[in-house]
Amino acid sequence: MKTFFYFLIFLVILVLCGSWSPWVHFNLDFGTVLGLNKPENISGLQVYSLNGSIDVFVDDVKIGKATKDSPLIYDRIVPGKRRIKLIRSDLPTGLKYWVYSNTVEFIRSTSVVVSFNLGPTERVSEGQLIYTVPKKDPNANNKVRLNFKFEGFSVSIDGSPFLDVSSNFFETVFNTNTQKRFRVTKLGYEPIEFVLLPSTQEERSKLDNFDLVVDIILMQKILPVENL
């Protein structure tokens, strides 16, 4: 009962603040933080909290904390499959929020980038996990793949008309000459917008042999307080 009470308070505060989608106010250029300068045999992890304080674990070992004002930049991860876990840590005693957990392949000389707003449940959380995968064919075009847990959404790139996607993923080619701005929308969910690829040509060129994967979680829109 107490947990439900805290949850209602959380919803009321967010509705009153009128800023349910932090992406509008926290527009990250993920390309500038992909960390492609790492030593050859080391990988990195960069965690950005869009709300509150987040404890960060890799393979169940706590490596640090990320806050809205201070991201966690950690560049000492051995390449290979690692489990990332994020736990909201600035909550009243007895109140627990949704825990994000995912396993990803860390590639040497690159960083995995995670950005999240953790809420009481996955339904009211949002964020994305960005990582690189080696291209199978070095001569093929680079690709970006957006992954979702649901089917049916719309995506726009660099202000292009929205393209409706009926599956749970979207894939497109890119070149390393320019950055790409993605905007994703779905009926009943808050939209997100983000920039991929580094801001300088020197950094973008380091992605020539990689594809990018973005795992996305959208936040469901909350009913007005009077309708609860």
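Me: Okay. Where do these coordinates come from?

Reply: This is a predicted model, so local features need pLDDT of at least 70 and side-chain atom pairs count only at pLDDT 80 or more, while totals for chains, interfaces and linings use all residues. Residues are numbered from 1 along each chain as its sequence is written, and side-chain values use heavy atoms, with hydrogens and water left out.

Me: Back to R204 then. Where is R204 found?

Reply: R204 is found in helix α2. Helices (H or I, at least four residues) and strands (E, at least two) are DSSP runs, numbered from the N terminus.

Me: And what does the side chain of R204 reach?

Reply: The backbone oxygen of T176, at 3.0 Å. That is a polar contact, meaning a pair of N or O atoms within 3.5 Å; within protein, one must be able to donate a hydrogen and the other to accept it, and residues adjacent in sequence count only if both atoms are side-chain atoms.

Me: Which residues is R204 in contact with, leaving aside its neighbours within four places in sequence?

Reply: Contact means heavy atoms within 4.5 Å. R204 is in contact with T176, N177, T178, Q179, L197, P198 and S199.

Me: L197 is on that list. Is L197 buried or exposed?

Reply: L197 is buried, with a relative accessible area of 1%. This residue is found in the loop between β14 (192-196) and α2 (201-205). L197 also has a positive phi of about 85 degrees, although it is not a glycine.

Me: Why mention the phi?

Reply: Most residues other than glycine have a negative phi. D59 is another non-glycine with a positive phi, about 50 degrees. D59 lies in the loop between β2 (54-58) and β3 (61-66), and at 35% relative accessibility it counts as partly exposed.

Me: Zooming out, how many helices and strands does the chain have?

Reply: Two helices and 15 strands. Of the 228 residues of the chain, 50% count as buried. Among contacts between residues at least 6 apart in sequence, 66% join residues at least 24 apart.

Me: What does β15 pair with?

Reply: Two strands pair if DSSP finds at least two bridges between them. Strand β8 (residues 126-134) is joined to β15 by eight bridges, and the two run antiparallel. Here Y131 stands opposite V213. Strand β9 (residues 142-147) pairs with β15 in the parallel sense over four bridges, and V144 stands opposite L212.

Me: New topic: how many salt bridges are there?

Reply: A search of the whole structure finds 14 salt bridges. A salt bridge is a side-chain nitrogen of Lys or Arg within 4 Å of a carboxyl oxygen of Asp or Glu. One of them joins K85 and D60, with the closest N and O atoms 3.3 Å apart. K85 is in strand β5 (residues 80-88) and D60 in the loop between β2 and β3, so this pair links distant parts of the chain, 25 residues apart. D60 is partly exposed, with a relative accessible area of 48%.

Methods. Buried < 20%, exposed > 50% of the residue type's maximum accessible area, 1.4 Å probe, protein only.
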